[in-house]
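Walk through this fold with the viewer open. We start with helix packing, move to the core, and finish with the aromatic rings.

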Amino acid sequence: MWSCRARSLLCVWEVRLARFLGRSLLSSNAASGKSIEPQCWNCGRAMGAGRGDEFFCAHCRALQPPDPTRDYFSLMNCNQSFRVDIRKLQQRYQQLQRLVHPDFFSQKSQTEKRFSEKHSTLVNDAYKTLQAPVSRGLYLLKLQGIEIPEGTDYRTDSQFLVEIMEINEKLADAKSEAAMEEVEATVRGDFEKAKELLTKMRYFSNIEEKIKLSKNPL
């Protein structure tokens, strides 16, 4: 019973957060300025738009180091949004691991082996981060310069559960457009509000994990 309730409450906050982040990120997705085309560490030539998502030099096909300016959404070919197509994310993950996994570089130079390990770790981190709603939302906030330290209990109080149940009831009773607009008005906010929602989402997500462990101990 508690597992279902925790999941339903978490879903409510996912919906609220999606609305907040969806509106706030519209103006931050556009690229700004021109970047200098990097040179290959192996042959010294400009890499160009080669195959393999520019992981490889277009001329000598040497694996290049990870791009430190590339965010997880760009790496995984996802829009910078709270809503992500998980099936496409999984396909992209598998595609990238076929390109950069260390097993495919056992006969390459030490430099490419090192780059391969870094790429593979980065792909794993990006996949795990974007796969889960809470970590995905936290990462979106991080891209905007807002971080929630581990263990933070941000503005949670004794009225929290009451607020959630009231919102659930309003959503269930909303039959008209005006009623829906009234509910929507209660969930509008900025990134600081999203920060609060994410903390609460993480709270319920942690509880859900504890419930799973209790039901299925290792």
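Axes are lines fitted to C-alpha atoms, for helices over the stretch in contact, and angles run from 0 to 180 degrees between N-to-C directions. Helices are DSSP runs (H or I, at least four residues), numbered from the N terminus. This is a predicted model: local features need pLDDT of at least 70, side-chain atom pairs count only at pLDDT 80 or more, and totals for chains, interfaces and linings use all residues. Residues are numbered from 1 along each chain as its sequence is written, and side-chain values use heavy atoms, with hydrogens and water left out.

Take α3 and α4. They pack at an angle of about 175°, with axes 10 Å apart. The two helices are therefore roughly antiparallel to each other. Contact means heavy atoms within 4.5 Å. On the α3 side, the residues involved include I86, L89 and Y93. On the α4 side, they include V123, Y127 and L130.

A nonpolar core is a set of buried Ala, Val, Leu, Ile, Met, Phe, Trp, Tyr and Cys residues joined through side-chain atoms within 4.5 Å. Buried means under 20% relative accessible area, exposed over 50%, partly exposed in between (1.4 Å probe, protein chains only). The largest such core has 27 residues, and M76 and L130 touch the most other members. The elements that give two or more residues to this core are α2, α3, α4, α5 (133-143) and α8 (191-215). Leaving out residues up to four places away in sequence, L130 touches Y72, F73, M76, C78, I86, L89, R136 and Y139.

Now the rings. Rings of Phe, Tyr and Trp (its six-membered ring) pair if their centres lie within 6.5 Å; planes under 30 degrees apart count as stacked, over 60 as edge-to-face and the rest as tilted. How many aromatic pairs does a search of the whole structure find? There are 5 aromatic pairs. W41 and F115 pair edge-to-face, 6.0 Å centre to centre with 75° between the planes. W41 sits in the loop between α1 (2-24) and α2 (72-75), F115 in helix α4 (residues 110-131), 74 residues apart. W41 is partly exposed at 34% relative accessible area, whereas F115 is buried at 9%. F56 and F105 are stacked, 6.4 Å centre to centre with 10° between the planes. F56 lies in the loop between α1 and α2 and F105 in the loop between α3 (86-100) and α4, so this pair ties together parts 49 residues apart in sequence.

Conventions
Parallel < 35°, antiparallel > 145°, perpendicular 65-115°, else oblique.
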